[in-house]
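The sequence and the structure are shown first.

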Amino acid sequence: MYRDNTRIIHIGDRVIGGGNPILIQSMTNVPTEDTDAVTAQILGLEEAGCEIIRCTVPNIEAAKAIETIKKSIHIPLVADIHFDYRMAIEAIRYGADKIRINPGNIGGEDKLKAVVDAAKERNIPIRVGVNSGSLERHIVERDDGVTAKGIVESAIDKVHMIENAGYDNIVISIKSSDVMMCVRAHEALVDKLERLGTRYPLHVGITEAGTVRSGNIKSSIGLGLILGQGIGDTIRVSLTGDPKEEITSAKLILRTLGLRKGGIEVVSCPTCGRTRIDLIGLATKVEDMVQNIPLDIKVAVMGCAVNGPGEAKEADIGIAGGNGEGLIIKKGEIVKKVPEDRLLDELKQELEHWNG
Ligand code: SF4
């Protein structure tokens, strides 16, 4: 698998590549120069499970803010730079743990060299980001539109620009909002990198994936197909919504693919004509409640006492709703009957005092 042998890259005190666990990233969506707001958001994201955070740095105030923000947060901070090479240099100066640039739009070779020199001095990685939306015109015209091949060619070209400036502390990201094009581009990129013998780690994500619903579906399919092939060392699920949703989804995607252990998996029945409780509300509450309970088990939330216990057999613990009464089930056996309105609290207590 490509992921097993990618180059190891240090981002602050975290490590990606070389088969290390895939790290989850997100991006703040408040102005970076508003240090109080951005710090509060990052702390919330840390609590949700975010492992690397990216902040946009469009001006000098934002670059300076990095120094202040970093005093209060506990995860590496990546500075996102567009067009202005001076912001990249300032961001590095004020303590960014990594910068994300598109070497093609930073203002030319000399300016890129200045950015690379600054990164080299502090030995911080550069993420080379290529997006289908910003592909060079000559490639788009030649290929009669944006193609996977064009995205890969552009990305390799950008990587060479950094290498030619004398640096190889690199992470690559290629993004397209066309999910299948994105998948094909990752396959082709990995193929190319293997042939070149430069196994840089990859940051994987589906860009402009959309709102929470459509973004989750697109990201699950895209990331599933890419990660499932052994590609990807760090991920971001991009959603138009609260960044915390991105973390929840990223964790779920990794866990579903068997790429991350730990955490409670909640399974729930789809409800049917037998359901006599608000199972949809209950399952949602259970999902929220278990978020930060550090157990590696499966919890079932079932709608009825007739089929629930049987269907919950594969779960470590389950609850089933009935007519005013609820059941606590362990490995398919009913262990307790409780009033329906006590179900959630009883489950919480069981989990807090879990001994298998
Ligand atoms: S567990 Fe009960 S309520 Fe849920 S789908 Fe099965 S039969 Fe219907």
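A nonpolar core is a set of buried Ala, Val, Leu, Ile, Met, Phe, Trp, Tyr and Cys residues joined through C-beta atoms within 7 Å. The model discussed here is predicted.

**Nonpolar cores**

The largest nonpolar core holds 77 residues, and those that touch the most other members are Ala91, Ala96, Ile99 and Ala155. Helix H6 (residues 148-164) gives the most to this core, contributing seven residues. When neighbours within four places in sequence are left aside, Ala155 is in contact with Val128, Val130, Ile172, Ile174 and Leu189. There is also a second, separate core of 23 residues, which includes Val299, Met302, Cys304 and Leu343.

Strand E4 (residues 52-56) is largely enclosed by the rest of the structure, because four of its five residues are buried.

| Strand paired with E4 | Sense | Bridges |
|---|---|---|
| E3 (residues 23-27) | parallel | three bridges |
| E5 (residues 77-80) | parallel | four bridges |

Glu33 lies in the loop between E3 and H1. Is Glu33 buried or exposed? A residue is buried if 20 or more other C-beta atoms lie within 10 Å of its own. Glu33 has 20 C-beta neighbours inside 10 Å and therefore counts as buried. Not counting residues up to four places away in sequence, Glu33 touches Glu61, Ala62 and Ala65. Glu33 and Arg86 are 53 residues apart along the chain, and a distance of 16 Å separates their C-alpha atoms.

**Ligand surroundings**

Which residues come nearest to the ligand? Of the 13 residues around the ligand, these are Cys269, Cys272, Gly303, Cys304 and Asn307. The shell around the ligand comprises six nonpolar, five polar and two charged residues. Cys304, one of the residues that come nearest to the ligand, is also included in the second, separate core.

Notes
Residues are numbered from 1 along each chain as its sequence is written. This is a predicted model: local features need pLDDT of at least 70, side-chain atom pairs count only at pLDDT 80 or more; totals for chains, interfaces and linings use all residues. A residue is buried if 20 or more other C-beta atoms lie within 10 Å of its own, exposed if 12 or fewer, and partly exposed in between; C-beta atoms are placed from the backbone. Helices (H or I, at least four residues) and strands (E, at least two) are DSSP runs, numbered from the N terminus. Two strands pair if DSSP finds at least two bridges between them. Two residues are in contact if their C-beta atoms, placed from the backbone, lie within 7 Å. A residue is near a molecule or strand if its C-beta atom, placed from the backbone, lies within 6 Å of it. Ala, Val, Leu, Ile, Met, Phe, Trp, Tyr, Cys and Pro count as nonpolar, Asp, Glu, Lys and Arg as charged, and the others, Gly among them, as polar.
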